[in-house]
Amino acid sequence: MSLQEVRPGLEGVAVAETRLSNIDGDAGELVIAGFPVEELAANATYEESVFLLFEGRLPTETELSSFQSTLAAQRTLSDPVHTVLKDAANEGVTVMDALRMGIAVATIGHDLTVSKAQAKRLVSVVPTIVAAYWRYRMGKAAVAPREDLGHTANYLYMLSGEEPDPAAVRALETYLTTVIDHGLNASTFVARAIVSTESDLFSAVTGAVGSLTGPLHGGAPGPVLDMLQQVHETGDPAAFISERLAADERLMGFGHRVYQTRDPRAAVLERATRRLTSDDDDSTFFNTVERFEDVALRELAEHKPDRALKTNVEFYTAVLLHTIGIPRVLFTATFAVSRVGGWTAHCLEQHDANKIIRPASQYVGATDRTWTPISER
Ligand code: COA
């Protein structure tokens, strides 16, 4: 086979056409189905954003109301899912592992065609799986979903069992809308690759959950919060950051494959956090966050002058979710609660104009070997 150019990490390789979102990494701009992320985040509910991705346009009032009702009506989990989640809680598996198991079991009783109906079902059940598992892990009973609440409010309600605070709901809605889709990121690529074999949406979303879990993708915000809390106690970001970089460790929440600028989603989430913390005790923590970001950007520029290592979305994800009161261990799963809208929309798009995703590899292994019988090795 002829020698091919190898592009590690598929960097810069386009493998699909999409109408869902577009990133301009040099300008630091993200457009979701035609809307700048800032505009979508300021105006849309999560349900409206999912409708936009599935249908390619904003819903009318009647369409939105019917879409919300459809999502709300299928939030409940079947008994086998609860059984698995309880067993998983007894074993103490991570929330992301439990989510993967819960999605797999949620297929029981459902047809596995790649369809909008199945996509809506997945969007509906992911928050319930996360919240139910979290409750079991805390030794509590799961809180049944409420059909009268919006998607975001219901997620918060299922976590705490209490009526959610409207300011927290709005802040979380901003988060869920902001991160709903982001080009062909690793987990979305995995989902599309799975569906491209004419497999089903539940398999695609299960695979995507696995991909999202890693610290280079959706697993970063937990470690970001750890860093910030540590520095908040010591009050010395410079010492912490230079120590990490000297040890050749990566600073979580900085750097991006596509953006050469500050991630535009970081600015959206920063504003949302600011709104939530303005008259609050947490503003002192927010001061630490701002100081940390300033020092980190300066140090990273010195550490890797040839790379543009700027703040990415996960930095302010950690700060915003923490301020809302979402426990650290739920950060990545809450990302999945949003991104399942993007994953399923991409799967539908892939399914509509499918070609199996099957890249090539460059063989660099041994050649011209002759077999040695086992007695002579
Ligand atoms: N802190 C310190 N150094 C970093 C860094 C960070 N956050 N991100 C990248 N670098 C360095 C790497 O060590 C590497 O140095 P080298 O050339 O000496 O080996 C160089 O910059 C390029 O990194 P690379 O991993 O090739 O870039 P990438 O485009 O493939 O990776 C990320 C992008 C996001 C995986 C990477 O920036 C990262 O690991 N960030 C931290 C994790 C994170 O925040 N993830 C959430 C992403 S939204």
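**Notebook: the sheet, then the ligand site**

I started with the strands and found S1 and strand S2 (residues 29-32) paired in the antiparallel sense over four bridges. I am working from a predicted model.

I picked one bridge to follow. Asparagine 22 has valine 31, in S2, as its bridge partner.

Next I checked the link between the two strands. S1 and S2 make a hairpin, with four residues between them. Glycine 28 sits in the turn, and I noted its positive phi of about 70 degrees.

As a reminder to myself: strands of a sheet pair through backbone hydrogen bonds.

I moved on to the ligand. Where does the ligand sit? I found that its space is the largest pocket.

I listed the surroundings. There are 20 residues around the ligand, and those that come nearest are Arg250, Leu251, Gly253, Phe254 and Lys304. By class, I sorted the shell into nine nonpolar, five polar and six charged residues.

I went through the polar distances to ligand oxygen atoms one by one. For arginine 250, a polar side-chain atom lies 2.7 Å from a ligand oxygen. For asparagine 312, the distance from a side-chain N or O atom to a ligand oxygen is 2.9 Å. For arginine 307, the corresponding value is 3.2 Å. Last, I looked up the cover: on its own the ligand has 860 Å² of accessible area, and the protein covers 75% of that.

Technical notes. Residues are numbered from 1 along each chain as its sequence is written. This is a predicted model: local features need pLDDT of at least 70, side-chain atom pairs count only at pLDDT 80 or more; totals for chains, interfaces and linings use all residues. Side-chain values use heavy atoms; hydrogens and water are left out. A residue is near a molecule or strand if one of its heavy atoms lies within 4 Å of it. A polar contact is a pair of N or O atoms within 3.5 Å; within protein, one must be able to donate a hydrogen and the other to accept it, and residues adjacent in sequence count only if both atoms are side-chain atoms. Accessible areas come from the Shrake-Rupley method with a 1.4 Å probe; for residues, only the protein chains shown count as cover. On a 1 Å grid over the protein atoms alone, a cavity is a set of points where a 1.4 Å probe fits but cannot get out, and a pocket is an open set with protein on both sides within 12 Å along at least five of seven lines; lining residues have an atom within 4 Å of a point. A molecule sits in a cavity or pocket if more than half of its atoms lie within 2 Å of its grid points. Ala, Val, Leu, Ile, Met, Phe, Trp, Tyr, Cys and Pro count as nonpolar, Asp, Glu, Lys and Arg as charged, and the others, Gly among them, as polar. Two strands pair if DSSP finds at least two bridges between them.
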